[in-house]
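This report examines selected local features of one protein model. The sequence and structure are shown first.

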Amino acid sequence: MQGSFQEKQALDDIFSQVKDVEKQMFDVILETFRKEKVQDCIGYLSNNGNQKQLEQQFLQRFNLISVEMEQKLHNFRNKMKQIIDGLKKIKDHDFNKKDYSDEKNYQTIKQLITILKEKRQMIEFLLFLVHLTSIDNTLIQCGSNSIYLLVQMNVDLRYKNFENIKVSNTSLVRANFFSCDLSGSEFENVNISGINLNCAKLFHCKWQNIRVDQLHHLKGHLYKVKQISFSPNGTMLASCDWETSFRIWDIKRGKKLSIFYSRGIISMCFSPNSLNLATYGIYLNIWDIKRGKIISKLNYYNGQVIRYSPDGTTLAFDYSNLIILWDVVKRQRKFELYGHDRYVQSICFSPEGTTLASGGEDRIIYLWDVQTGKKKFILRCYDGEIASLCFSPDGTILASGCNQIYMWNIKTRKKIFRLMGHGNYVKSLCFSPDGTTLASGGDEDFMRLWEVKTGQIKAQLNCNTSIQSICYSPDGSKISFNGVKSSILLYDAKAIKTNTQLKYHRRVFIEFFPDGKTLMSYDKSLHIWDVQTGKEKFELNNQAKTANVICLSPDGTILATNEYRSILIWDVKTDGQAKVANSICFSPDGTILASSEKNSIFLWDIITRKQKFKLNGHTKDVNSIEFSSDGTTFVSSDDDSIRLWDVKTGELKFELNGHTQSVCSICFSPDASTLASGSNNNSILLWDVKTGKLKFELNGHTQSVCLICFSPDASTLASSSYDDTLRFWDVKTGKLKFELNGQYVCSISFSSDGTTFASSYGNSIRLWDAKTGKLKFELNGHTQSVCSICFSPDGSILASGSYDKSIRFWDVKAVNPKFSINKNSDRVWQVCFSPDGSSLASVCDDNYIYQWDVNTGNLKSLLKGHNNFFNTICFSPDGTMLAVVSDYSFIFIMEAKTGKCLFKFEGHDGNINSICFSPDSTQLASGSYDKSILLWDVKTGQRKTQLNGHFYCINSVCFSPDGSSLASGSWDNSICIWDVKTSQQNAQLNGHSDCVFSVCYSPNGTLLASGSYDKLVILWDVKTTVQKSKFEGHTQAVNQVCFSPDSSKLASCSKDMSICLWDVKTRQLTSQLFGHSSSVRSVSFSPDCNILASGSDDGSICLWDIAKGQKIQDLDKFCEVIPTKFQNPIKTFSLYNNDKFVIPHTKLLISQDPILQAQGAFIFNGEFSTHLNTDLQELFKQKGSQILENKFKLFQNATQN
């Protein structure tokens, strides 16, 4: 203890002796070091000649008279001695040898931070030490500890230049490097969990042995992930969803190795040798992972769970209330285990493979002898159905999950622990390989880690989604579980630290203090935050835990909350001490508080703390109260009426009756002349505050008006309704300015200058131009619904609170660097020729639409959709429009030449898989996972009709050449032919044995081609609807079919990485084209029939000479040089018609759990690896970073277009 005190005292002395050194002096020294390429800092500074040179450089920065110069030189020389002496001492101190982020040094760091906070000028010395790491390798550890201290002190590090710094053996958890330049930095053994790298520049970095809690965020599934499983060799992760597929992931790189399309998978399991995978659900199949083929089909259906025995010789699975033990080698049934009288939901082999445990809806756990098939014993659980089971690695403990967790001693057959905390069914349990920890997850939105020895909770991770599956890697270093939006999360198991607070807040509401420097948030408790640092100032969670209404005084010094039937007044300056129980809504001058209780209202004098008036008159409970901006009038409303009161006298001025149903919202205009009220009768009334007369009735909403808000200049009123529309009204005329459809919002807010309007929409926030109603950009980052948003007083920051229990600060005025170079770095979803054949459009996973010059192969333009990625694209036959499907959810119609957005179509309840223009370019058809087809009027932007008939999702739609018919292909294995005019089904074509992925009419209208998962291409006679031919040539599923413009050829592309060209007349295969290294998703003929374009999951687009059957060129290579400055060499357009390519990113995040952020970061030619040997670049990419390849090809003509 004495040594620790002396160590802290020594550090205090070192920092104190440099406390008066100016920042300018540090800048001069660093500038000289870099210019002279110094490597020994102390040696260089100790040289008299070098000191004189530094003196001259320092004096050149000032215009001084001789007397001042002498004084300045004297001070400089004294401070130089202090710097040299300080550097010598700190070099030999433990501060330059030990990792001060280690928990052993917690008390030392805590005391040091207290001292440094009182002497803020020492921060410059800490920053100086950080920069010295880029110069002198002997000072790396003290620089590393310095940056750790800066992070712990919540020093604002945003927008700073940290080029070439070297950091090692420390923690940067929750460090905020927003928009910093970290190029050339070297990190070694650094914990970066929760770091903010949004908009950072990361060129030529070398980050090794990095520690981070989240290793990968794997995305690709279209539906919720049902189960995940590590391969026994620890190199792969398998995941499955119910609807479409299961996937194999490379754990090291975080990339998808393969995807297998198979419906209805609930459970899966690797064989012990990691070569095979058993899947069970609708069907039971055993797959060869390398070949991607089914090697065994078992005639068992509709199961819940499947498991391999540890030696791989036996497969156990449920079949209704039975359990089947299957001999894998002999391929025959060994035993049928009878005992359960209801469905089996979980089974688990003991580690040695001799015992099988099973549990289900009958609340009984059976333990079976695997060799004999006989029952050993049973364990009864009376608390609920058994949803999960797991043996400990040594086989002595069995964990079972229902709505609680029980740990059983297998030898004594008795309960060891009962683990409380999960309120719903625990669907997944997994022991760590060392047997010390048990992971659990279920219907709640968190995962828990338990200490096996004590039964106590070790840690909790909030996941913002129910947990379906958890698994540890074989070495115990990683833990994986399903995440939000059908994703999979991979974490460092040891990095999930203990969290004893365990706050379970459902939603966060927020409000800025008047100075804009402090933010208040509240859910079940009140938190006061520093906006600059994100640090919590204090929390009011004892007396205010039941508060549901809260209000700040105009000067920000007093906080009022309700508490049951009383009101609490808090002194914000004194860390939230409660003074007296009084009120709920402040007057503008802060002298009066108003509160409501049932049908009465009370006005309180803040100074005297006495009641001024009790306002009676309402016959029902008062649901809303508000002061006018001038403080003279007070409004209150109940379900039936609105009342205006005189604040000075407490007398009723007017009773406003006009709504026929209950009033939902009221709002004064900023000039206090108008009152707006929204009602359940779908209308908004504007009232004259002085006369109490109705000015206008605003009608247009078709459901209740839930939110209303005036613009700062009182000229515009915004209203939101349950009819999913936002409407903007002219207050002077009462007329509708514009309407935004599909916008059901939880919160709305105008910026202080009135130019920008913010609305929360699901997990995202949308910023609109308040004058034109055009969408400026969309802010994504929250993982659950945003319930509250507000602008800072100066309008530069937008704060948002969400059901994901986090608060984000967005730099609304920050402009993202205009840098839009990108290659098709991921799978190419679709390619499409323009009708004149001069351009080829393509879409892939990187949120861009590419337009290529077919003649030169040059990239002509990029169309950017902010955070939306595109999966389907289509030119209109007249060449004037492009239709694209964004995020599977909605369709953009845009001008092909300018990129201007004409319409946005929304209406499907599931993912959109296919779109097609009618031949006259007046209609668009879309097919979706919701089993429906929608027809849209392209001229008006309205939906025309809906076609229903398929029993499963629609994969493909295609108009006939005359536009009278529409063909659709579905997962139900069928093709339907529809009459476009009558919307009736004319025919159903059955012939495929598996789902139909693609349909296409021949341009002459006589034939229809279809491609299927059954590997076949079928030609159909359009008139007779009879099957004419079957084309067999592909070895895997056919993704798309396409006729040539002259109807003489048919192209088909497949998962087998090939393209087949068929002669339609002879029905023969004319050539098979190989060149892609992954599944080919799309093919398209040029109008002259000479060129075929293909797009693949390998990220490339190939152009083929059809006559020669040879590849012409690849459209996936970019040039030689990367620009040294961020600039935009390629013509870009925004789908939201935004002239400036502005994408705000989260500049500050307040969250209980550390969340790594890297949106908008630029990464080039770097090395980023964790201590678990996983590639961090893929995680950064998953977080929204731009990974710039080692070489780019900057097309010269693209810069001129």
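The model is predicted, so to speak of local features requires pLDDT of at least 70 and side-chain atom pairs count only at pLDDT 80 or more, whereas totals for chains, interfaces and linings use all residues. Residues are numbered from 1 along each chain as its sequence is written, and side-chain values use heavy atoms, with hydrogens and water left out.

**Strand β50**

Helices (H or I, at least four residues) and strands (E, at least two) are DSSP runs numbered from the N terminus. In strand β50 (residues 674-679), 6 of 6 residues are buried, buried being under 20% relative accessible area with a 1.4 Å probe, protein chains only. Thr 674, Ala 676 and Gly 678 lie on one side and Leu 675, Ser 677 and Ser 679 on the other, and both faces are covered.

Two strands pair if DSSP finds at least two bridges between them.

| Partner of β50 | Sense | Bridges | Bridge partners |
|---|---|---|---|
| β51 (residues 684-688) | antiparallel | 5 | Ser 677 and Leu 685 |

The β49–β50 hairpin has 5 residues between its strands, and Ala 672 in the turn has a positive phi of about 65°. In the hairpin of β50 and β51, 4 residues separate the strands and Asn 682 has a positive phi near 75°.

**Helices α2 and α7**

Helix α2 (residues 23-36) packs against helix α7 (residues 122-132) at an angle of about 5°, with the axes 10 Å apart. The two are therefore roughly parallel, a term for angles under 35 degrees. Residues in contact (heavy atoms within 4.5 Å) include Phe 26 and Phe 33 of α2 and Phe 125 and Phe 128 of α7.

Notes
Buried < 20%, exposed > 50% of the residue type's maximum accessible area, 1.4 Å probe, protein only. Axes fitted to C-alpha atoms, helices over the stretch in contact; angles between N-to-C directions. Parallel < 35°, antiparallel > 145°, perpendicular 65-115°, else oblique.
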